[in-house]
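My notebook is open and the coordinates are loaded. Here is what I looked up, entry by entry.

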Amino acid sequence: MLSPHATPADAAPTDADAERARKRAAFEAHKLEKRLCREVGRAIVDYSMIGEGDRVMVCLSGGKDSYGLLDILLKLQARAPVRFELIAVNLDQKQPGFPAEVLPNYLRGLGIPFHIETQDTYSIVKEKVPEGKTLCSLCSRLRRGILYRVASELGATRIALGHHRDDILATLLLNMFFGGKLKAMPPKLVSDDGRHVVIRPLAYVAERDLIRWAEHRRFPIIPCTLCGSQENLQRAQAVALLREWERKHPGRLDNMLHALQHIVPSHLMDTRLHDFAHIEATGRPDPEGDRAFDADPWPEAAPAGEQVVHFR
Ligand code: SF4
């Protein structure tokens, strides 16, 4: 029974409230689906990722990103002006506790072509890598080789991976901080064995959208901790930094991605990309020229209450 001081907000939700919440959730899910399709479609077009007659091998790990990738590619395939095939591939690495039936059941339910490649790389990695050392480097090398072989056997013309915008930006930071290179993760590139074209159709997609999409679609997620290996600490820190930036300055990550698409070699320092040696005054005004004494066009200090992040 409600107290005499109860407000309408204290009342138990009615059927009408539930209906309103249901409609709101459906509306939000529809908006999210449209955004995901638009961004994946845009990346595919911008980088000519998929063309007429392509056979696209979609690498499925059981994580939210690769489920999302396959899901959105299936939607785009149904309405694309070009015809292309999709084949889902999972590598069962025989990690202890890997629920081997989850992906085949899911893919059978979708009614799409798929291939499960079973290779006990887990035992190899455990045997070769000394106790306490990280397994990931050898594990991913083995996995890459196997997936390339499978792609050849399946006649795939594209290998699609589920890396998203935030993975690309984290890689950019890691390469700057530890690799001394301005280098991220390419949306499309030939594989290191020179025999395959690797594409990343989620290049424009924010990770938070993939998290929400996975919840909405209730993908049967397989935990990624089965191998017992720790997530790379430096990558985890880069991801945390990006999340913090986005929380304090919404839009910053999109700006960073935009920057990767608008590079000005004359304002960087790579002598291989810009001919610094032969620079001479032209006498013609150039809006891209040096503005030697102008103030920076961005705010001088972080707004009150914000911390400035210092890198050591
Ligand atoms: S986290 Fe596990 S499965 Fe993933 S690369 Fe590292 S060792 Fe391999």
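**Entry 1: α2 and α7.** At what angle do the axes of α2 and helix α7 cross, and within what distance do they come? I found a crossing of roughly 75°, with the axes coming within 9 Å. That makes α2 roughly perpendicular to α7 (angles under 35 degrees count as roughly parallel, over 145 as roughly antiparallel, 65 to 115 as roughly perpendicular and the rest as oblique). Axes here are lines fitted to C-alpha atoms, for helices over the stretch in contact, and angles run from 0 to 180 degrees between N-to-C directions. Helix α7 spans residues 207-217.

I then listed who meets whom: K64, D65, Y67, G68 and D71 on the α2 side, and L210, I211, W213, A214 and R217 on the α7 side. Contact means C-beta atoms, placed from the backbone, within 7 Å. By class I noted 5 nonpolar, 1 polar and 4 charged residues; Ala, Val, Leu, Ile, Met, Phe, Trp, Tyr, Cys and Pro count as nonpolar, Asp, Glu, Lys and Arg as charged, and the others, Gly among them, as polar.

**Entry 2: ground rules.** This is a predicted model, where local features need pLDDT of at least 70 and side-chain atom pairs count only at pLDDT 80 or more, while totals for chains, interfaces and linings use all residues. Residues are numbered from 1 along each chain as its sequence is written.

**Entry 3: the whole chain.** I counted 9 helices and 6 strands, taken as DSSP runs numbered from the N terminus (helices H or I, at least four residues; strands E, at least two). The C-alpha atoms fill a box of roughly 75 × 70 × 50 Å along the principal axes. Of the 312 residues, 22% are buried; buried means 20 or more other C-beta atoms within 10 Å of a residue's own, exposed means 12 or fewer, and partly exposed is in between.

**Entry 4: α1 against α2.** Helix α1 (residues 15-46) packs on α2 (residues 64-79) at about 80°, with axes 10 Å apart. So α1 is roughly perpendicular to α2. From α1 come L36, C37, V40 and G41, and from α2 come I72, K75 and L76. I sorted these into 5 nonpolar, 1 polar and 1 charged.

**Entry 5: the core.** The largest nonpolar core holds 45 residues, and M57, V58, C59, I159 and A160 touch the most other members. Such a core is a set of buried Ala, Val, Leu, Ile, Met, Phe, Trp, Tyr and Cys residues joined through C-beta atoms within 7 Å. Helix α2 gives this core its largest share, 5 residues. Leaving aside neighbours within four places in sequence, I found V58 in contact with L69, L70, L73, L86, A88, V89 and A160.

**Entry 6: α4.** Which residues of α4 (121-128) are buried? I got T121, Y122 and V125. Down the axis of α4 they fall within an arc of 105°, so they line one face of the helix. The face turned away carries the exposed S123 and E127. Helix α5 (136-154) is among what covers the buried residues.

**Entry 7: positive phi.** Most residues other than glycine have a negative phi. S48, not a glycine, has a positive phi of about 45°; it sits in the loop between α1 and β1 (55-59). S48 counts as exposed because it has 10 C-beta neighbours inside 10 Å. R218 likewise has a positive phi, about 50°, and lies in the loop between α7 and α8 (233-248). With 8 other C-beta atoms within 10 Å, R218 is exposed.

How values were computed. Contact = placed C-beta atoms within 7 Å. Arc of directions from axis to C-beta.
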